[in-house]
Each structure stands twice: as structure tokens, then as C-alpha cells.
Amino acid sequence: MSNSFFKNYGPFVINKLLNIIKFKNLDVSLNAEVSDIKNLVTSENKDITFFHSKKYESFASKTKASFCLTNKNLAHILPDTCKPIVIDNVLIATAKITKLFYPDAVTDDFDQNVVDINKTQFNKKVKFGKNVLIGKNVEIGKNCLIGHNSIIESNVIVGDDCSIGSNVIIRNTIIKNNIIILDGCVIGKKGFGFFPDKEKNFKYPHIGIVIIEDNCEIGCGATIDRGSLSNTIIGK
């Protein structure tokens, strides 16, 4: 996964990750460096991943990750190059480690950096309605429309020939070319994000983004959440 919008605070030594999940029996140098946490498919050398269900066996057997959070029934499927970290609750451990790498992706408070579009570089480039707000790190292509009361929050790329309706909220999203987004849509917010723990539910980060491919139309009132460790892709 190419993470465009969330800052990775790593790398961390493996010992720091093991302490967070209270794991002590890994036969490896405790100073080994871990660069990132990713899914089984996109992981590379020096990354950590997770494997909690046999339905992902084909991906797990080929993962390039150096470490993998998994359980005792699945650990044997991993390649020799990937060191299993065998724990009881894989998803809770994954959430805790992801939060360490990407603490900014845990919550989705309103964007305090937005300004009126009239005060941005887009005031002459885009045709827009009333009360349109724009955040930081936003790109908008040619021949685009934005309806009344819409908010393009931080970390959004909009391609050419796109129409965004009224009362739309978009963040952490790449919108390609010739896209129609109708009124009332919410795109790029975090999805439902809790894993049950013994004492309380544990909120986990969503570090994926939303990608809307060319020539898509999103209907009125649609909600498209970003993924937890993978991107949400519309149009493929």
C-alpha cells in the first residue's frame, strides 16, 4: 500500500513493538529494526504484518514481511524469511502496533485547517457554490465543479472534469478523472474501528485511503470509508 497522507513515525526496534503487546519469547535480535506495518501482500523486508485467518493462506505463504503477528495454528504457513510472533489476539496486537506507527490515524476530528475557497488558489480555477471550504494538501484539476456547503478537507487529490455535489465531505482521498459525486456523500472518513478486548473495546487506526478510479459516479448520500491497512478502491 502506498500511504500518501498519513505520517509513519517509525522505524522502531522490534523490542519496542513486543513490549507494547507484552510478548517476550521471540528468537531474534531485539534491536532488529521494523520500518512499517502493512498487509500480507504489500509488506516488504523489515516490515511487520498480521495473519489471523486461514482464508489468507495464499498471501501469507508468499509475504515478504520480516515479522508476522499470527496464532499457533497458522504460524507454519509463513515463509522461512518471516518470523512469526504467536499471540492469542492477533487483531488487538495489530491495532496497538499500527497506532504506534500511525497515531494521527486513530481519530477523525473535524479539519481545523479548512478555509473558504475564495481565499485559496482555486477561487478562479474551479466553479463552485456558496460556503465551500478547502483544507491543506489539496489538488484540484481542470474543469471541476463543487456544489454548495461542500468541504474538501486536507489530503485530497481531484483530477480533471470532476463534479462534486452539494453537502459533500471528502478527506484522505484520490479522485481521478471524469468523476461525478452526487449530493450528501461522505468519502474518506475512518470506518467502524473497534476490536473487543477483555476490559474495553480497542480503537484501531485506519491508515488506508480511498481511491476512486476514472469515470465513476457516486450516488447521493453514499458513505465510502477508508480501509484499515489497505486502500478502499472504487471502480476496479
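This is a predicted model: local features need pLDDT of at least 70, side-chain atom pairs count only at pLDDT 80 or more; totals for chains, interfaces and linings use all residues.
## Strands, cores and a buried arginine

T49 stands opposite C68 in β5.

Strand β4 (residues 47–51) and β5 run parallel and are joined by four bridges. On to strand β6 (residues 83–86), β5 again runs parallel, with four bridges between the two; here T70 stands opposite V86. Strand β5 (residues 67–70) is covered on both faces. F67 and L69 are buried on one side, while C68 and T70 are buried on the other. In general, the strands of a sheet pair through backbone hydrogen bonds, in a parallel or an antiparallel sense.

**The chain as a whole**

The chain has 236 residues, of which 48% are buried. Its secondary structure comes to three helices and 24 strands. Taken along the principal axes, the C-alpha atoms fill a box of roughly 60 × 30 × 30 Å. Among contacts with a separation of 6 or more, 37% are between residues 24 or more positions apart.

**A six-stranded sheet**

Six strands form an open sheet with mixed pairing, in the order β7-β9-β12-β15-β18-β23. Its edge strands, β7 (115–116) and β23 (223–226), each pair on one side only. The partner of β7 is strand β9 (residues 133–134), and these two are antiparallel over two bridges. Within this pairing, D116 has L133 of β9 as its bridge partner.

**Two nonpolar cores**

The largest nonpolar core has 26 residues, and the members that touch the most others are I140, I170, I181 and I212. At least two residues of this core come from each of β10 (138–140), β13 (156–158) and β21 (210–212). A second, separate core has 25 residues, including I14, F50, V90 and A93. Beyond its neighbours within four places in sequence, I212 is in contact with several isoleucines, among them I174, I181, I218 and I234. K176 is also one of the contacts of I212.

**The surroundings of R171**

R171 lies in the loop between β15 (169–170) and β16 (173–175). Its relative accessible area is 8%; this is under 20%, so R171 counts as buried. The side chain of R171 makes a polar contact with the side chain of D108 at 3.0 Å. A polar atom of the R171 side chain also lies 2.7 Å from the backbone oxygen of D109. Leaving aside neighbours within four places in sequence, the contacts of R171 include D108, D109, D111 and E153, as well as K189 and R226.

**Contacts of rings and charges**

The structure holds one aromatic pair. The ring planes of F12 and F101 stand at 75 degrees, so the pair is edge-to-face. The two residues are 89 residues apart, with F12 in strand β1 (residues 12–13) and F101 in helix α3 (residues 90–101), and the pair thus links distant parts of the chain. Both F12 and F101 are buried. Elsewhere, the charged end of K7 sits over the ring of Y9.

The distances for these side-chain features are listed below.

| Feature | Partners | Distance |
|---|---|---|
| Polar contact, side chain to side chain | R171 and D108 | 3.0 Å |
| Ring centre to ring centre | F12 and F101 | 5.0 Å |

Definitions and conventions: Residues are numbered from 1 along each chain as its sequence is written. Side-chain values use heavy atoms; hydrogens and water are left out. Buried means under 20% relative accessible area, exposed over 50%, partly exposed in between (1.4 Å probe, protein chains only). A polar contact is a pair of N or O atoms within 3.5 Å; within protein, one must be able to donate a hydrogen and the other to accept it, and residues adjacent in sequence count only if both atoms are side-chain atoms. Contact means heavy atoms within 4.5 Å. A nonpolar core is a set of buried Ala, Val, Leu, Ile, Met, Phe, Trp, Tyr and Cys residues joined through side-chain atoms within 4.5 Å. Rings of Phe, Tyr and Trp (its six-membered ring) pair if their centres lie within 6.5 Å; planes under 30 degrees apart count as stacked, over 60 as edge-to-face and the rest as tilted. A charge sits over a ring if NZ of Lys or CZ of Arg is within 6 Å of the ring centre and within 35 degrees of the ring normal. Two strands pair if DSSP finds at least two bridges between them.
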